[in-house]
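This report describes selected features of one protein chain. Please keep the sequence and the structure at hand while reading.

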Amino acid sequence: MRTNIVFVSLWFSLAAGQLHPNKPAEYQRLPSLREAAYIQDAWKNERVARIPSLLKKYDIDAWLMTQREHAEDPIWWSIKNSTDFDVHRRTVVLFHTNTSSLNGQPNPMIWIDNTGSVWPELRNVLEHYDPKRIAINVDRDIAFGAGLHVGELAVLFEELGEKWMSRTVNEPMLSVEYVATRVDSQLPYYRKMQEIIWALIEEGFSHEIIVPGKTTTEDLEWWFREKMQTLNVTTWSHPRISVIVEDPTTPGWKGTKSIIQEGDLLHIDFGITAMGLNTDTQHLAYVLRTNGPNPETDAPESLKEGLRKSNRMQDVLLGNMQAGLTGNEVLRKSMDQIESEGIEGHFYSHPIGDWGHDAGAVIGFVNLPAEVPILGELPILSNTYYSIELHAYHFIPEMNQTLKFRQEEDAHWVAQTGKWEFVRGRQEKLHLIDARKRGLVPFVVMPG
């Protein structure tokens, strides 16, 4: 059993009450599908226009991809038009630096073919362009740099021969940086998505939805899924709702299949997907005890203190996330700092954006709390989004248990300050479920 530690009250006061939104969330209206397609294509065009400068940064003359329908390279999903849902036939893509014979030519050059005619055309382009270093996505460790299927690689060897295949190189950071980097105009819509998340949680973790002694965590998971449908958003990860109890294992991603009772500490982990973007959020809620000799009107102070520890860990991590440092460097600095402050916990934060677990450096894994091979050695990139995911341990005397206070909020890079900020603040107050309000106090989430 871990013992509770008395903390200096100063940083508790600094961590609490500053970043929690000061008014309830409102469901936001996202653009229509047609309007969203126009917006997403503008984002894609802005991102693709950066590729020539990325090629030069990594000393690459051309970036070649080939893929078949139903076997797309992960990069395809970040370079495609919004109305494309898969590649057609064999799709070959060649990015270049807009120099030499390809100056003024389309970038990328794209061939869609099921006859084999692409290969003499591609060879002709290469002969005139004469690239010295051709990147192909064949990395053995980083998924975003490993999208070339083995069958397509064999075809490249057959069709391009030794001359061009001897010039191919593996440069996974090309893929990582392209996928991870955001454009400024995405942020207003990402803020709307974050407010949708908060509105979902505030309604789902309320007396209108949860009936203690009856509602199960699975009931609540499916309520979230159905509610998303009505909001025209989807998800990349099924909501997982748990009753938090002492557990010596690393955090899992399965709900606890529990009947929710008064006195329970609830946890949710989920995200939404819309407009080609993804979110990832974890919040905590407490079910007030309404019966017995001492009915509650607020959560026990020990639970609030546990949340404040997690908040402090968020502060520490964001303060150490300097662009250019590796994920492992940030992890070590952050672990040393919380240890010096008497906090016990784990970090396992990750990039987010095009994917729920996006390209870039990770800062810890749940099963690798001290150092992460390969992905932890990547550099933290500016102009990206991160899910600040972690937990702090805190002893709860009312339960005689040490619980994990699991938190996750999405943050974005602020170029003007060179620092990170939460997209819509963070949870600093437990969501409260009060059964006495059911049928008496209507819960209303206003549309944005």
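## Helix packing: H10 and H11

The model considered here is predicted. In this model, helix H10 (residues 301-320) packs on helix H11 (residues 327-340) at an angle of about 140 degrees, and their axes are 9 Å apart. H10 and H11 are therefore oblique to each other. The crossing of H10 with H11 is right-handed.

On the H10 side, the contact is made by Arg312, Met313, Val316, Leu317 and Asn320, which meet Val330, Lys333, Ser334, Gln337 and Ile338 of H11. By class, 5 residues of this contact are nonpolar, 3 are polar and 2 are charged.

## Helix packing: H8 and H9

A second helix pair is described in the same terms, since packed helices are characterised by the angle and the distance between their axes. Helix H8 (residues 187-204) and helix H9 (residues 217-230) pack at an angle of about 135 degrees, with 11 Å between their axes. H8 and H9 are therefore oblique to each other, and their crossing is right-handed.

H8 contributes Leu200, Ile201, Glu203 and Gly204 to the contact, while H9 contributes Leu220, Trp223, Phe224, Lys227 and Met228. The contact of H8 with H9 comprises 6 nonpolar, 1 polar and 2 charged residues.

## The largest pocket

The volume of the largest pocket is about 1200 Å³. The pocket is lined by 41 residues, of which Ala36, Gln40, Ala274, Met275 and Gly276 are the closest to its centre. Two or more lining residues are given by each of helix H2 (33-48), helix H4 (76-79), strand E8 (273-274) and strand E9 (277-278).

H2 provides the largest share of the lining, with 8 residues. By class, the lining consists of 17 nonpolar, 17 polar and 7 charged residues.

## Backbone features in loops

Most residues other than glycine have a negative phi, and most peptide bonds are trans. The peptide bond from Asn107 to Pro108 is cis, with omega near 15 degrees. Pro108 belongs to the loop between strand E2 (90-96) and strand E3 (109-113).

Asp130, although not a glycine, has a positive phi of about 55 degrees. Asp130 is located in the loop between helix H5 (118-129) and strand E4 (134-135).

Technical notes:
Residues are numbered from 1 along each chain as its sequence is written. This is a predicted model: local features need pLDDT of at least 70, side-chain atom pairs count only at pLDDT 80 or more; totals for chains, interfaces and linings use all residues. Side-chain values use heavy atoms; hydrogens and water are left out. Axes are lines fitted to C-alpha atoms, for helices over the stretch in contact, and angles run from 0 to 180 degrees between N-to-C directions. Helices (H or I, at least four residues) and strands (E, at least two) are DSSP runs, numbered from the N terminus. Angles under 35 degrees count as roughly parallel, over 145 as roughly antiparallel, 65 to 115 as roughly perpendicular and the rest as oblique. A crossing is left-handed if the near helix is turned anticlockwise from the far one by less than a right angle, and right-handed if clockwise. Contact means heavy atoms within 4.5 Å. Ala, Val, Leu, Ile, Met, Phe, Trp, Tyr, Cys and Pro count as nonpolar, Asp, Glu, Lys and Arg as charged, and the others, Gly among them, as polar. On a 1 Å grid over the protein atoms alone, a cavity is a set of points where a 1.4 Å probe fits but cannot get out, and a pocket is an open set with protein on both sides within 12 Å along at least five of seven lines; lining residues have an atom within 4 Å of a point. Grid points are joined across faces, edges and corners, and a volume is the space filled by probe spheres set on the points.
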